Amino acid sequence: GMRKFSKNDNRIKANLMFGHSDTIQPLLAQLGLYVDPVPLTADMPWEQAMARKWRTGVISPMAANVDMVLHKCIDSKNVISWKTELLHNERRIRWPKCGADKTNVQFCSPDDLFTAYPMAGDCKFDEFCKIPQ
């Protein structure tokens, strides 16, 4: 995963996982994306309902995708640092829980990412998604 990439494990070039909207939507929620300030209610005016950020038909169409890209950055003194970028449906979006003020940064270091999203470092994907024999 991302920890191996950022520790200079050059054998790994890509780590791709695929799912459906049933897995994309919970991921978007865990990342803190598209949070509305007012909960959806049955008596909400139509205009307000249509202006909501969390609209499943918009955020999770049939070809929905989430990309987390790890960039290797080398400064003028040849010091290497790593930054992650978040894309949703091929559009760059800001990390909502990352950065010094924990809001809206375009690039997030892996250390800041795992601090902002502690569940990411603890996920045992191979164990959790294992197919019984």
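Leucine 86 touches Leu31, Leu33, Val66, Asp67, Met68, Arg91, Arg92, Ile93, Arg94 and Trp95, leaving aside residues up to four places away in sequence; contact here means heavy atoms within 4.5 Å. This is a predicted model, so local features need pLDDT of at least 70 and side-chain atom pairs count only at pLDDT 80 or more, while totals for chains, interfaces and linings use all residues. Residues are numbered from 1 along each chain as its sequence is written, and side-chain values use heavy atoms, with hydrogens and water left out.

**Nonpolar core**

- The largest nonpolar core has 16 residues, and Leu86 and Trp95 touch the most other members; such a core is a set of buried Ala, Val, Leu, Ile, Met, Phe, Trp, Tyr and Cys residues joined through side-chain atoms within 4.5 Å.
- At least two residues of this core come from each of α2 (21-31) and α5 (110-116), and α2 gives the most, with three.
- Helices are DSSP runs (H or I, at least four residues), numbered from the N terminus.

**Salt bridges**

- The whole structure holds two salt bridges, each a side-chain nitrogen of Lys or Arg within 4 Å of a carboxyl oxygen of Asp or Glu.
- One of them joins the side chains of arginine 52 and aspartate 36 (3.1 Å, N to O).
- Arginine 52 lies in the loop between α3 (46-50) and α4 (56-59) and aspartate 36 in the loop between α2 and α3, so this pair ties together parts 16 residues apart in sequence.
- Glutamate 85 and arginine 92 also meet through their side chains in a salt bridge (2.5 Å, N to O).

- Arginine 52 and aspartate 36 are both buried, where buried means under 20% relative accessible area, exposed over 50%, and partly exposed in between (1.4 Å probe, protein chains only).
- Glutamate 85 is buried at 4% relative accessibility, whereas arginine 92 is exposed at 61%.
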